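Work through each task before reading its solution.

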Amino acid sequence: MSALTPQSDMPTPTTDKITQAAMETIYLCKFRVSMDGEWLCLRELDDISLTPDPEPTHEDPNYLMANERMNLMNMAKLSIKGLIESALNLGRTLDSDYAPLQQFFVVMEHCLKHGLKAKKTFLGQNKSFWGPLELVEKLVPEAGEITASVKDLPGLKTPVGRGRAWLRLALMQKKLSEYMKALINRKDLLSEFYEPNALMMEEEGAIIAGLLVGLNVIDANFCMKGEDLDSQVGVIDFSMYLKDGNSTKGSEGDGQITAILDQKNYVEELNRHLSATVNNLQAKVDALEKSNTKLTEELAVANNRIITLQEEMERVKEESSYILESSRKATKDRSADGQALTEARKQLKEETQLRLDVEKELEAQIGMRQEMELAMKMLEKDVCEKQDALVALRQQLDDLRALKHELSFKLQSSDMGVKQKSELNSRLEEKTNQMAATIKQLEQSEKDLVKQAKTLNSAANKLIQKHH
């Protein structure tokens with residue numbers, strides 16, 4: 001933290017630089033919290049003239065409320081960004097003991113409490129953000145389940161505790177941003193609970209609601225039973241967001257290692273995705289092969305059926321020719337009985353009809369055979385295309401594995417570089433300590449020499465006095 005108090009003997013910064021610093025500054029109590037990239041830097045707030053023009057006094061309520069809104073919005077930005085980054089790096093479901101998550105709920109509680117109107121009760125005036133949160137179930141019917149669950153929790157006795165439980169359940173549902181947007185869009189309802197210049201009534205509330213969309217990428221799980229939400233103290237811990245000057249030196253190397261690790265994780269995820277795709281395609285190829293085998297068997301059965309029908313047709317033709325010859329002989333032989341001739345004709349008609357039926361069935365079987373052959377060709381073509389795609393995916397999988405090995409080698413080399421730098425740093429520290437010890441010895445020897453010189457000087461003076 002660097003103080004900005006002016007001193008009489010030291011040169012003061014120019015007005016332009018002070019004005020620029022003031023543009024990036026938000027006020028917190030008796031400190032000024034300036035935004036430095038992704039961090040906060042606290043500075044002492046003394047009587048500093050930021051601009052030559054007259055500016056509003058700090059006693060102006062609108063001025064103070066605007067500063068508070070800007071302050072809370074910046075804290076919400078830092079809290080949400082830090083929570084998302086830490087949760088992604090952690091790689092597991094968050095619980096109520098996770099410090100960045102606790103700070104996020106504290107910041108959200110301060111945002112919802114900003115500009116609340118005091119409600120008069122028989123115990124005095126009360127400010128609670130549970131009232132606005134109850135309105136959400138009227139705007140979004142899905143929120144009714146959360147409100148009912150909060151009201152059914154046995155351990156909650158105060159509106160503040162119910163409001164805190166509501167925020168946790170909404171985050172677990174990944175609907176906190178949606179509910180807040182629906183609430184902020186109805187300022188006519190919020191005006192009953194908030195002052196006109198409160199955060200929820202101004203543009204900063206809409207910005208915070210938009211930032212909450214990013215929290216949908218994290219998973220959280222809270223156990224409300226047994227947790228004392230009524231008596232928790234909502235104090236923002238600024239130490240989590242203050243910039244540490246000593247940590248900036250190794251941030252570049254850590255950033256490179258983090259980038260390599262992110263690339264490695266991305267390649268592994270892509271590798272798993274491609275493996276799953278290859279397995280799915282292999283399963284589809286196996287299913288197509290089974291279907292091809294089944295169609296081949298059906299085609300063989302159809303061919304056998306066609307051959308059988310052709311044999312039956314030949315037999316019917318032979319019988320028909322035999323009957324025709326018999327009928328001709330019967331006509332020539334006038335001594336044959338007329339009843340036998342009628343039966344022969346009747347049998348001939350039946351055999352002719354049977355022949356026609358057999359020919360129709362044969363044509364139908366031939367059409368089915370052609371359709372099966374066409375389907376077989378299409379299946380063979382599809383199998384070839386699937387196999388080509390499978391080969392290409394396997395080639396991509398091999399390339400990704402090679403890239404994974406290369407990234408692993410780079411990670412190992414970067415780890416070795418970090419180790420070498422740490423060893424060099426330790427050596428330099430040892431040399432520094434040795435030089436400090438040597439300097440101390442030299443200073444001690446110098447003191448001894450001074451003492452000896454004083455002793456010799458006094459002895460010389462005594463000898464001179466005795467000589468005189």
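Tyr179 has 0% relative accessibility, so Tyr179 counts as buried (under 20% relative accessible area, with exposed over 50% and partly exposed in between; 1.4 Å probe, protein chains only). The model is predicted: local features need pLDDT of at least 70, side-chain atom pairs count only at pLDDT 80 or more, and totals for chains, interfaces and linings use all residues. Residues are numbered from 1 along each chain as its sequence is written, and side-chain values use heavy atoms, with hydrogens and water left out.

**Exercise 1.** Decide whether helix α8 is enclosed, and list its buried residues.

Solution. Helices are DSSP runs (H or I, at least four residues), numbered from the N terminus. In α8, the buried residues are Leu176, Ser177, Tyr179, Met180, Ala182, Leu183 and Ile184. That makes 7 of the 9 residues of α8, so the helix is largely enclosed by the rest of the structure.

**Exercise 2.** Find the aromatic pairs and classify the pair Phe105 and Phe222.

Solution. Rings of Phe, Tyr and Trp (its six-membered ring) pair if their centres lie within 6.5 Å; planes under 30 degrees apart count as stacked, over 60 as edge-to-face and the rest as tilted. A search of the whole structure gives 3 aromatic pairs. For Phe105 and Phe222, the centres are 5.7 Å apart and the planes are at 65°, so this pair is edge-to-face. Phe105 lies in helix α3 (residues 99-113) and Phe222 in the loop between α10 (203-211) and α11 (251-332), 117 residues apart. Both residues, Phe105 and Phe222, are buried.

**Exercise 3.** Classify the pair Trp166 and Tyr179.

Solution. The ring centres of Trp166 and Tyr179 are 5.8 Å apart with planes at 50°, so the pair is tilted. Trp166 belongs to helix α7 (residues 159-172) and Tyr179 to helix α8 (residues 176-184), so the pair ties together parts 13 residues apart in sequence. Trp166 has 0% relative accessibility and therefore counts as buried.

**Exercise 4.** How do α2 and α10 pack, and which classes of residue meet there?

Solution. Helix α2 (residues 61-90) and α10 pack at about 5°, with axes 10 Å apart. Axes are lines fitted to C-alpha atoms over the stretch in contact, and angles run from 0 to 180 degrees between N-to-C directions. The two helices, α2 and α10, are therefore roughly parallel (under 35 degrees; over 145 is roughly antiparallel, 65 to 115 roughly perpendicular, the rest oblique). Their contact has 7 nonpolar, no polar and 3 charged residues. Nonpolar means Ala, Val, Leu, Ile, Met, Phe, Trp, Tyr, Cys and Pro, charged means Asp, Glu, Lys and Arg, and the others, Gly among them, are polar.
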